[in-house]
Amino acid sequence: MKSKPNLGFWKLWNLSFGFFGVQIAYALQSSQVSRIFSTIGADPHDLSYFWILPPLMGLIVQPIVGAASDKTWTRLGRRLPYLLFGALVAIVVMCFLPNAGSLGLGVSQAIIFGLIMLMFLDTSINMAMQPFKMLVGDFVNEEQKGMAYSIQSFLCNAGSVVGYIAPIVLALFLSNTAPAGEVPPTVTWAFYIGAAVLLLCVIYTFAKVKEMPPHEYAQYQGIEVKADAPKEKTNLLKLLVRAPKVFWTVGLVQFFCWAAFLYMWTYSTDAISGHSFDAPSEQLVTGVTIDGKAYNDKYIFNGNRPVISEGHLAIAGFEIDGEWAEPRTVVLDGDTIVKNKQVVRNEQGVPAFEVAPSGKTQIARAGQTIQIDGYPELGVAESVMSVSELSLVQPGTELTLAHIAKDNGNNGEYILEQTSSLPSVDSPESISLNYTTVLNAASKQYQDAGDWNGVLLAIQAIAAVLWAVVLSQFRKRRLGYSLSLLIGALGFISVYFISSPGVLAVSYALMGCAWAAMLAMPFTILTNALSGEHIGSYLGLFNCTICVPQIVAALCGGLILHCFPAASNGAPMTVCMLVVSGVLLLIGSVAVWNIKETFGSHKDATEAA
């Protein structure tokens, strides 16, 4: 077997440069996706469930990509075709995802659309990321692998910094607020710019990296090539059974690390917005209880009129000087207070008036002017009373529950999907509203916290770059790995005790130490334990140690959050989920000491002797 030559710095740089663009996309996903879903109208208790599909797709796709790339030889290369396909899909998805709330869809529809986009984004990012890890294994000898992965870690974190700070930088030029349910322009344009940079990085990689032809690759990897031999099919299950022990011991550490960071990506924005930015909370109506039984969904209708729409009580109509009217739009003294039968909210998410759960609420005084559905202003002699839809529910009323509803133009008609009829209401006393309290994602405080979350994650990435340099000086990898995770755990736990947004920078810098180790150590240890023939397959399988913990964490996130008491404003205390992350990293730092490194080349030499 020929020895791989030492490569110059710029060749090592070129092998990983595309990671910069891929990581911008990944940083935007990890820092902004939960913010996007919360802005659209998702319940914080459901946020972790939205992260199940991406790693599930990675669990299926990555081993297939790894195994397929081991057998792929094309004019474009061996690994690079997968980079091209993954990057192009990611670019397209990045242009659609932040617009999920701006397409005229209802909350449920927008969330479903966003989930599909997130699934494709995460899968395509991982597909584009995987070739860079494999290229290092293909081209770099064991002596230089530490440096190669350090360069990759640097580019990874540099891309992360750009992706994380993009929204707050764009806030200097663009609005950081938007109508309720829509994502601010700062976030949307951050995704657009990230997609453009990713495209440029892919072009650069194809211009600078030329993969080895099959016979040359075989010589460097010690693979016997027979001209007439049929192509061997890769059996992933057999490879998994024959995987070196280090595959499993490192994988155990990966489990605790990636579960911890999934909770950070999921809950970080909510945690700091409520804990450090005092974002206001709001009560959302989740459904109704009839005769003691709860019926919860996004929409409830009385006939074709909404009772509950997008978590808010719909406005059935108004009593004007004793006359009943059902206008869609109401303007009071020049300010629109009702639009499409919904109470208008300002940029901070504050409603024009609060609708009482039942009964009547006065919203105008004598002498004020009111305009209904565009008709000329009317002088209000006595008062204008708003009436919630539920106050109209009389004995015998039939209610309809709908999972998805869409306003069919301005004629007051609705298109309902996934509907079911609720029991008849026997008496007004037999029906009551079900509420949940969440942070007001449309408020300025929440959106400012979303930008600051990006800054904190950028600080984490910068700290990771600096710590990676320190990490490379450790002679004993296990000591550096374990110490890094321990420092990261302290960072996570400290967030609970810090309310100052500025001081949180220290906590996130400590988290960066763990992130640096997670990026560099596992792949360095694993690739040193593998021979070249199935390195792509094993790296694809090893990606499961990233996906599985995220799936498990996502499934458990909502249940764990329910175990903690609510914050003083009634919203879920999501900051406790970062403490859970810290505990997981503590366990991971202990599990590191179970790893015993081996070297694939030594094993090959022994077998050859």
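Okay, let's start with Leu-56: its relative accessibility is 34%, so it counts as partly exposed (buried means under 20% relative accessible area, exposed over 50%, partly exposed in between, with a 1.4 Å probe and protein chains only). Before I go on, this is a predicted model, where local features need pLDDT of at least 70, side-chain atom pairs count only at pLDDT 80 or more, and totals for chains, interfaces and linings use all residues. Numbering runs from 1 along each chain as its sequence is written, and side-chain values use heavy atoms, leaving out hydrogens and water.

So where does Leu-56 sit? You'll find Leu-56 in helix H3, residues 53–70 (helices are DSSP runs of H or I, at least four residues, numbered from the N terminus). Together with Leu-53, Ile-60 and Ile-64, Leu-56 makes a nonpolar surface patch of about 330 Å². Patch residues have over 30% relative accessible area and no salt bridge, with nonpolar side chains joined within 5 Å.

Now, the charged pairs. There are two salt bridges in the structure, meaning a side-chain nitrogen of Lys or Arg within 4 Å of a carboxyl oxygen of Asp or Glu. One pairs Asp-451 with Arg-35, with the closest N and O atoms 3.0 Å apart. That pair links distant parts of the chain: Asp-451 is in helix H11 (residues 444–471) and Arg-35 in helix H2 (residues 18–40), 416 residues apart. Both Asp-451 and Arg-35 are buried.

Then we've got Lys-444 and Asp-448, 2.8 Å from N to O. Both lie in helix H11, four residues apart, or about one turn of the helix. Lys-444 has a relative accessible area of 40%, so it's partly exposed, and Asp-448, at 25%, is partly exposed too.

Key: Patches are made of residues with over 30% relative accessible area and no salt bridge: like charges are joined within 9 Å, nonpolar side chains (Val, Leu, Ile, Met, Phe, Trp, Tyr) within 5 Å. Accessible areas come from the Shrake-Rupley method with a 1.4 Å probe; for residues, only the protein chains shown count as cover. Helices (H or I, at least four residues) and strands (E, at least two) are DSSP runs, numbered from the N terminus.
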